[in-house]
Structures are given as C-alpha cells and as structure tokens.
Amino acid sequence: MSSVSAFAIKQRVRISLFVLLALLVAMLIIGLLASYNLYRSAEDHYIGVALPLRTASRDVLFQMGREETGVRGYIITGKRKSLEPYRAGRDGVIADLRTIARLTRSNPELDNTLREVRRDVIALHGFYDRLIVFVADGKAGREQAIVELPSGDALAERFRQTAALMEDDTKAIVDRTRHQQRATLQRTLASLSIAGVLALVVATALLVYLPERLRRLYASEEEARRRAEQGANAAQALAHVSDAVFLVDDNSVIHFWNAAGEQLFGVNAGDAVGRPAAAIVPEYARLVEAARRDDRFVPVRIGGEERWLAPVISAFDGGTVLTVRDATAGYVLERTRADFVATASHELRTPLTTVYGGARTLIAHRDTLERGQQDKLLHMIEQESEHLVQIVDQLLVSAQLDRGGVHLDESEVDVLALSAGVVESARMRAAGKNMVLLQMPTAMVPLQCDEALLRQVLVNLVENGIKYSPDGGRVDVLVSEEPGWVRLEVVDEGIGIPAAELDRIFEKFYRLDAAMTRGVGGSGLGLYISREIVMQMGGTLTARSDPEEGSTFTVVLPRRQREA
C-alpha cells in the first residue's frame, strides 16, 4: 500500500470521526434545549398558572365556609371574638378572587364564571353583614338574625354551584396544560431519538469499516518501519545506549550484547554472544516474564549484590530484544517515599485522633463533665499536641539534613545539668512504668556544642529506651568524660535489636517493630536524626544490643583543644 492511500485512509477516518463528534454535539445541544423548554413550559404554564389557579379556586369555597362558620358562631355566642374566622375568611376570599383574576387574564373563558362568583360572594357578604348588625343591636336583633339565617341557604347554594363551575373550568385549564407538557416531552424524545439513530448509524459504519482500514494502515506503516530497521546499523546505535540491551533468537541464544550490558552484568560481549541467555543473565526467565507483565522493578542478585532492574521486551520475527535498566536508585527512592507516607500518616493519625476525640468530648459534654475529667482531657490534648510537634520537628530536621545539614549554634554547655533535665522529664512521661536513672560525676568542664541539638539527641535516645521497653524496666543514662572526649550512654532492658538489624537502625524511616506487633510505634526518624546531628558535631553514635536483653546507645563527642 502506498503512502498516498495511507494518507487517504487517515483522512476518511478523520472525517468519519468528525461527523460522529458533530452528531454527538448536536444531541447534547438538542438535549439541553429540550430540557430548557420543558423547564420553561412547566414553570410558565403548569407551576406558574395551573397549580396556583386550581389552589385558589378550591380555597374560595374553604374561605366562604369559614365566613359562614364565624357568622353562625357570632349568632350563637354573641361574642365579637367569634367573628375572627369570618374576617379571616373574608380576607382570604378577596385575595383568592384577585389571584384568580390575575391568573386568568390569558383565559377569557373564565371571565363570565368569575363575574358570577364575585356577584354571589358580594351577595353573601351583604347577607352576613346584615345578620352581624342584627346581633350587635341586642337580644331582639339576635332573634331576628336567627329567624333570617335560613334565608341565606339559597344564596350559599347558588355560590357553591357557581364556584363548582369555576373549579371545573380551572380543572380544564390544568388538563390542557398537562397535555401541552406531554406534547412537548414527546417532541423532545422524538428529536433525541432521531439524533441518536443518526449517531448509531455513523458509529455502526465506523465499527464495520474502520478496523479493516486501520489494519491496512498499520500494516503499511509496520512494513515501512521494518525496512527502515533493516537499513540501519542497529549495533552502532545500541553501543552508545546507557541501558543494557541484548538480542536473542527464538532459541534464546544471544546475538548482540552492548557495552552497558557488559558494565551491568560484568560479562564481556565476546563471552556473551553465542551463548544461551539463561547462562549469562541472572534470573533471565524472570526478567522476560516481568517485562511481559510490565512490572516496573524486578529484584536480581548480581555479583552477590541485590539490584532492582526495569526490563522492557520487544519481539520481532526471529528473535527478541530485551532492554534492562538498573533502577535500584529509583526503587529505593520510591520505597523511601512510600515509607514516609505510611509512617507519617500512621504517626500523625494517632495523636490527631486523640486530640479530636478529646475536643469533641469537651464540646459535647462540657456542662456535665466534672472539673477533674475536664482537666484530664485537656492534659491528654496537651500531651498529644506535644507529640505532634515532636513529629513535625523531626520531619523538619530530617528535611534540613537532606538539604545539607543543620546550623550549629555552639556555646558552653553544662552537660550534667542538661542530662539531669532530660532524665527528669523522662521520669514524668514514664509515669512509673519505667525507672529512669542518671549516673554522672559531681563536676564536669562545660562542653562546646549546640545545646538544643544535644538535648534533642539525648531525648531521642532516652525516649527510644522507654518506648522499646514495653514491659517496663530500667533505663540508665551514664555520663562520663575522658581526656578529650565526653561520653553519654543510654542503657535499657527492653526488647533488644537482632544482630541482622543492628546496621539498619540508623536508616531513615527504619523501624524495628514496623508491624507494631509489640505495640511500639514511631516515625523511624529519631535515630537517623540523632546520628546525623552527632556526626555534624564531630562525634559518633553507636549501638550494641542483645535480643530480649536490652540495648546500649553510646554518644562520644570531642572536646576542642582549648576546652581540654
């Protein structure tokens, strides 16, 4: 197939898709216009006229009934208060007649009926007014009113008949409006159906003819691509690719091996070409399967070291090209990001839930809670807020360390007083669960360092000892000095650290009890931050431990020459 016919197929496809798009847009516009017309029609004719008209015509009978009730009550009791239904009904009748007159301006067939209703209403009002005057004149007038009361039945019956005629006329208007609404809906549905059928016809035509035309177009482009690949020097191009690329035939024998493959797998091209790929590439079958599943990362051990590889496979007649990129750095970054999100979410959610629950309890029950209970809740909110501040501070310090370190504000620091303050605070937080003890000399020369950062390191280590001693026990803080050095040791009797994990506890976001099987939480940043701070002060932070027997963390800080 020539390029001209391929271009023609593309043009036909574009035109067909444009026609289908135009029909869909037309359907959308018709639907919107139809919806608007239905809304306006219902608003103007049904909701705005028909329903209020029917309501007002029915209400006229109700209000006249109230008038009659009020007059009869006044005749019986002689009390002016009994006329309140009469007055309210009279005002309601007048308002209803005005509403009917306003709504029937465009319906002249109701004019005659409305005039008759008004005439009957006026006649009844005159009759009721005469009875009220009689009753107001005294006992004789009241007796006269009782005598004349039956004479008003004829007026009332004539009014009810006339009002019934008006209600029938109103019902006819409502029915006519409903019929108009139904006709509008039918026209709308017909328009949408016609547009939908046209769109369906075009879509069916595209479904029948488009796949074959696209197949021909793709076949033509595939043939052109194959000819271009055959005319290129693939080996020269692939030799400069940074990813490992190798070509194997249908029997998985290597026919090409680039320089990046030599560097990644440590095998020269001369040793790789002509040999089975499974004998040269570690986990070859696993890499091929992962590439077919579009797996992003595949763990493979190369030279005794674990690497995370990203494979991509491309098959052609007679062979396969496998591209492998060393994505270890990207995997570590993604895992670190995922660990950060999971750790931050968990560590922030717990204190936030406690603060939120305490605040809601105070808001909902502040009038019923005793003073001691309120103080307990407020103290809990304060503690959890401090916990939140500590977590945020750890995240901020970690970010500062990642950007190149924190600023050291050095001064003469009394290490003994600093240690005593940290231990005293730890005792209060331990609340008797753990016994925190301090052993230090009676006097010590001040140390030139950053007091706030040193306190943060010691607080992290002591809280770590308490946290990883869930069953209680002692936490000892040992302060000592040697010529040119100051040593701080934190010794606990907690769960200890397995030997295999001892080298990883200073990694960012690493937690010994990540699954919290022993109820131990934490952000995984405390030891990382502490070690980085100590290193910036020129010192060292080390750890030794025996599982289930406890751990010892040792900080060694150097003295300046003039301090010693």
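## Strand pairing and the overall fold

Two strands count as paired if DSSP finds at least two bridges between them. The structure described here is a predicted model. Its protein chain contains 15 helices and 12 strands. Of the 564 residues in the protein chain, 37% are buried. Among contacts in the protein chain with a separation of 6 or more, 63% are between residues 24 or more positions apart.

An open sheet is built from 5 strands in the order 2-1-5-4-3, with antiparallel pairing. Strand 2 (254–257) and strand 3 (298–302) are its edge strands, each pairing on one side only. From one strand to the next, the twist averages 35 degrees. Helix 10 (residues 284–292) packs on this sheet and touches strand 1, strand 3, strand 4 (305–316) and strand 5 (319–326). The direction of helix 10 makes about 60 degrees with that of strand 4.

Strand 3 and strand 4 are antiparallel partners over 5 bridges, with Pro299 opposite Trp308 of strand 4. These two strands form a hairpin with 2 residues between them. In its turn, Gly303 has a positive phi of about 60 degrees.

Strand 4 also pairs with strand 5, in the antiparallel sense and over 8 bridges. Pro311 stands opposite Val324 of strand 5. A hairpin is formed by strand 4 and strand 5 too, with 2 residues between them; Gly318 in this turn has a positive phi of about 100 degrees.

Another open sheet of 5 strands has the order 7-9-10-12-11, and its pairing is mixed. The edge strands are strand 7 and strand 11 (540–546), each of which pairs on one side only. On average, neighbouring strands of this sheet are turned by 15 degrees against each other, direction ignored.

Strand 11 pairs with strand 12 (residues 550–558) in the antiparallel sense over 7 bridges. Within this pairing, Val555 in strand 12 is the bridge partner of Leu541.

## Helix 13 and its surroundings

Helix 13 (residues 415–430) has 16 residues. From its first C-alpha to its last it reaches 22 Å, close to the 22 Å expected at 1.5 Å a residue. At the start of helix 13, a side-chain oxygen of Asp414 comes to within 3.2 Å of the backbone nitrogen of Leu416. After the helix comes Ala431, with a positive phi near 55 degrees.

The buried residues of helix 13 are Val415, Leu416, Leu418, Ser419, Val422, Val423, Ala426 and Ala430. Seen down the axis of helix 13, these buried residues fall within an arc of 160 degrees, so they line one face of the helix. Their cover includes strand 6 (410–413), strand 7 (434–439), strand 8 (447–450), helix 14 (451–467), strand 9 (473–482) and strand 10 (485–492). Helix 13 lies across strand 7, strand 9 and strand 10, and runs at about 170 degrees to strand 7.

Conventions: Residues numbered from 1 in each chain as written. Predicted model: local features only at pLDDT ≥ 70, side-chain atom pairs only at ≥ 80, totals over all residues. Heavy atoms only, no water. Helix = DSSP H or I, 4+ residues; strand = E, 2+ residues; numbered from the N terminus. Axes fitted to C-alpha atoms, helices over the stretch in contact; angles between N-to-C directions. Contact = heavy atoms within 4.5 Å. Expected span 1.5 Å × (residues − 1). Buried < 20%, exposed > 50% of the residue type's maximum accessible area, 1.4 Å probe, protein only. Arc of directions from axis to C-beta. Polar contact = N/O pair within 3.5 Å; in protein donor to acceptor, adjacent residues only side chain to side chain.
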